[in-house]
Amino acid sequence: RLEEADRRFSTAIAFAIEHDHDFRRWYLLARRAALGGRKGAWDAAETETRRVLRQPMLSPVTRLVALTALGQVCARRGSPEAAAALDEALALAERNGQLMRLWPVRAARAEAALLAGDKTRARQEALAVRDSVFTRANHWHRGELAWLLWQAGDRDVPTDNLAEPYVLQIAGDFAAAADAWHELGCPYEEACALAESDNPALVRRGAAIFETLRAWPALRHATQRLRTLGVRDPRPLRREPLAAIRVS
């Protein structure tokens, strides 16, 4: 429920500012930036995380959350800054030791490895938290981990108690998965599902979303997939507005 989460963050941040709770304010801003990343507001998320990271005397947890959000956006856009941000985030997460801090970093690092074409490293990142996530985490985290492992070539993953979009993706129903992501308001995840389809029209729609987000590594993957599917002109549908991109 991303829109509700956004409203609640805004309320909490306003309260923290009004009552001079700076320690909590910067943490909430970092968390909201991570939420913006999920909603596709990458420019705002990057601006917010950089502002947070410039603050003196941040708590390690706040710095960790901001670095993870920044590193993920940078990885999705192909920026070399991703590696340093996610390396520092992992060091902070390992020092903290809690699964709720380790899991997001490992997921972001596994995704970055997949975008770089390194399935071996992606699998290593995911396996580092596999048992803990599948034993203790919620169905969204379980689903994300299962899908990361699946993309890394691991077919021995649990398929029970996973969030629906991931179940659909693992089952190969990419059109339905993309539609589910669209309804949730997650454009990048929607595009990733579309890009795995065997239908060139759907892959091209995914490529259009990637171009809008400036998600260059994923766009290159979608373009290559279009060529594999026999499309002579693999350019995305540049003139189609993002709001109009739906699964047909």
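**View 1. Packing of helix H11 against helix H12.** Helices H11 (residues 174-184) and H12 (residues 187-195) pack with their axes 8 Å apart and at an angle of about 170 degrees (axes are lines fitted to C-alpha atoms over the stretch in contact, with angles from 0 to 180 degrees between N-to-C directions; helices are DSSP runs of H or I, at least four residues, numbered from the N terminus). H11 is therefore roughly antiparallel to H12 (angles over 145 degrees). Phe-174, Ala-177, Ala-178, Trp-181 and His-182 of H11 meet Glu-189, Glu-190, Ala-193 and Leu-194 of H12 (contact means heavy atoms within 4.5 Å). The residues of this contact comprise 6 nonpolar, 1 polar and 2 charged.

The model is predicted: local features need pLDDT of at least 70 and side-chain atom pairs pLDDT 80 or more, whereas totals for chains, interfaces and linings use all residues. Residues are numbered from 1 along each chain as its sequence is written, and side-chain values use heavy atoms, without hydrogens and water.

**View 2. The two sides of helix H7.** In H7 (residues 119-127), Ala-122, Glu-125 and Ala-126 are buried (under 20% relative accessible area, with exposed over 50%, 1.4 Å probe, protein chains only). Seen down the axis of H7, these buried residues fall within an arc of 95 degrees, so they line one face of the helix. They pack against helices H6 (99-115), H8 (130-136) and H9 (139-151). Thr-120 and Gln-124, on the other side of H7, are exposed.

**View 3. Surroundings of Thr-68.** Thr-68 lies in helix H4 (residues 60-76). Its relative accessible area is 10%, and Thr-68 is buried. Residues up to four places away in sequence aside, Thr-68 touches Leu-86, Ala-89, Pro-104, Val-105 and Ala-108.

Note on methods
Arc of directions from axis to C-beta. Parallel < 35°, antiparallel > 145°, perpendicular 65-115°, else oblique. Nonpolar A, V, L, I, M, F, W, Y, C, P; charged D, E, K, R; others polar.
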